[in-house]
Amino acid sequence: MGFSTDAVHGGQQAEPTTGAVMTPIFQTSTFKQDGLGRHRGYEYARTQNPTREALERNIAVLERGKHAVAYASGLSAIAAIMHLFKSGDEVVVTENVYGGTYRLADTILSQYGLRFKFVDTSNLDVVKQAVTENTKLVFVETPTNPLLHLTDIQTVASLAHSSGALVAVDNTFMSPYFQNPLELGADVVVHSSTKFLNGHSDMVGGVVVVNDEALAERFRYIQNSVGAVPGPFDCFLALRGTKTLALRMRQHEANARHLAGWLSKHSSVTRLYYPGLDTHPQHELAKKQARGYGGIIALDVGPLEHAQHVLENVSLFTLAESLGGVESLISHPATMTHASVPREDRLRLGISDGLVRLSVGIEDVEDLENDLADALSF
Ligand code: P1T
């Protein structure tokens, strides 16, 4: 089936008791058992919930995977991946990951003996050097948040596999509409479903997708044992969101391409990051491993005062954390999403005080352009 058909129908069936076409919100914490040790597949809502399962089946189909396991947030999904490993194990991570992923590794998981190496995974020689026989996982975010650096998933997967390490890819920025890392050799795909999958900025969630049965079992075990599960209403909202993923992603991207082209000629912009521009250093890789370039743009406008001017003079773009909703958002990575990354690391990576991130929504693009034109005049 095509992607749009799968988005609507993938893993979905009418609810067996009433025939409800849309899976209802099973707002219950527990389920009646018919006798001792006899139940209908549902015991307790941390362990199983039909609304959550409908969402998981749908996302598994969209990611071209066999199993999806949903969590309470993107970060708890990433934490579940890290829970596969034990003290002393080594994890190689893309250095320019989402700030919360960095914080989780640096301040929480490292306390339990997991060893993290943050490296530039877009440079294959660097990956080759970083991966050792102690490496159990290569965790890649591509494109990265917020600088939109790309990593060659296929090549990193074969490199990691030759050392016996797993590969996980944070696919939040592309969504399964544009990129399917499992088909490129990754073992685990992770999403913050808060973002494009849900698409309406009205819930927080996360999900991992895998093909391997044993890995799926382990993720379900972690889901139940750690207990970072999404509530049924949030699962319902995310499932309603995925049905329009194709429509939304096309519009996000059309708007972002237009704005990136226009910004590339704007005199207030000193650097522009968007994989769809042929000036992006990895534009060819973007074309090779994805079917599009997405809806996120980063631009550098020089000194902090310029960034502040832009952030405070937009009216249609809303100054807020997060991305991937139908509405356009604008943010300041250095003080918002990446505030937990030490300043010197931020500056080395390119997350300067003048860097501004746009999550381009699905509004009329002329209105978005006019809004930015006003805010960029200084
Ligand atoms: O917020 P949460 O659902 O826990 O997802 C964390 C996360 C994971 N991976 C990526 C690539 C992300 O961008 C995020 C969350 N990011 C933001 C909140 C943000 O504004 O960038």
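Here is a short chat about this predicted model.

Colleague: Hi! Which domains does the chain have?
Modeller: Hi! The domain assignment gives domain 1 (3-242) and domain 2 (245-375).

Colleague: How far apart are the C-alpha centres of domain 1 and domain 2?
Modeller: Those centres lie 25 Å apart. In the contact between them, domain 1 supplies 42 residues and domain 2 supplies 44 residues.

Colleague: Let's look at helices. How do helix 2 and helix 9 pack?
Modeller: To begin with, two packed helices are described by the angle between their axes and by the distance between those axes. For helix 2 (residues 50-62) and helix 9 (residues 232-242), the angle is about 30° and the axes are 8 Å apart.

Colleague: Is that crossing left-handed or right-handed?
Modeller: The crossing of helix 2 and helix 9 is left-handed.

Colleague: Which residues meet there?
Modeller: From helix 2 you have Thr51, Arg52, Ala54, Leu55, Asn58, Ile59 and Leu62. Facing them in helix 9 are Pro232, Cys235, Phe236, Ala238, Leu239 and Thr242. Sorted by kind, the residues of this contact are nine nonpolar, three polar and one charged.

Colleague: Okay, on to helix 10. What span should its 19 residues have?
Modeller: Helix 10 covers residues 245-263, and at 1.5 Å a residue it should span 27 Å. The C-alpha atoms at its ends are 26 Å apart, which agrees.

Colleague: And which of the residues in helix 10 are buried?
Modeller: Among them are Leu245, Met249, Leu259, Trp262 and Leu263. The buried residues also include Arg248, His252, Glu253 and Asn255.

Colleague: Where does Pro143 sit?
Modeller: Pro143 is in the loop between strand 4 (135-141) and helix 6 (153-162). Pro146 is also found in the loop between strand 4 and helix 6.

Colleague: What about phi of Ser175?
Modeller: Most residues other than glycine have a negative phi. Ser175 has a positive one, near 65°. This serine lies in helix 7 (residues 175-178).

Colleague: Why does Ser175 count as buried?
Modeller: Its relative accessibility is 0%, so Ser175 falls under the 20% cut-off for buried.

Colleague: And Ser322?
Modeller: Ser322 has a positive phi too, near 85°. You'll find Ser322 in the loop between strand 10 (318-319) and strand 11 (329-331). With a relative accessible area of 23%, Ser322 is partly exposed.

Terms used
Residues are numbered from 1 along each chain as its sequence is written. This is a predicted model: local features need pLDDT of at least 70, side-chain atom pairs count only at pLDDT 80 or more; totals for chains, interfaces and linings use all residues. Side-chain values use heavy atoms; hydrogens and water are left out. Helices (H or I, at least four residues) and strands (E, at least two) are DSSP runs, numbered from the N terminus. The expected span of a helix is 1.5 Å times one less than its number of residues. Buried means under 20% relative accessible area, exposed over 50%, partly exposed in between (1.4 Å probe, protein chains only). Axes are lines fitted to C-alpha atoms, for helices over the stretch in contact, and angles run from 0 to 180 degrees between N-to-C directions. A crossing is left-handed if the near helix is turned anticlockwise from the far one by less than a right angle, and right-handed if clockwise. Contact means heavy atoms within 4.5 Å. Ala, Val, Leu, Ile, Met, Phe, Trp, Tyr, Cys and Pro count as nonpolar, Asp, Glu, Lys and Arg as charged, and the others, Gly among them, as polar. Domain bounds come from an automatic or database domain assignment.
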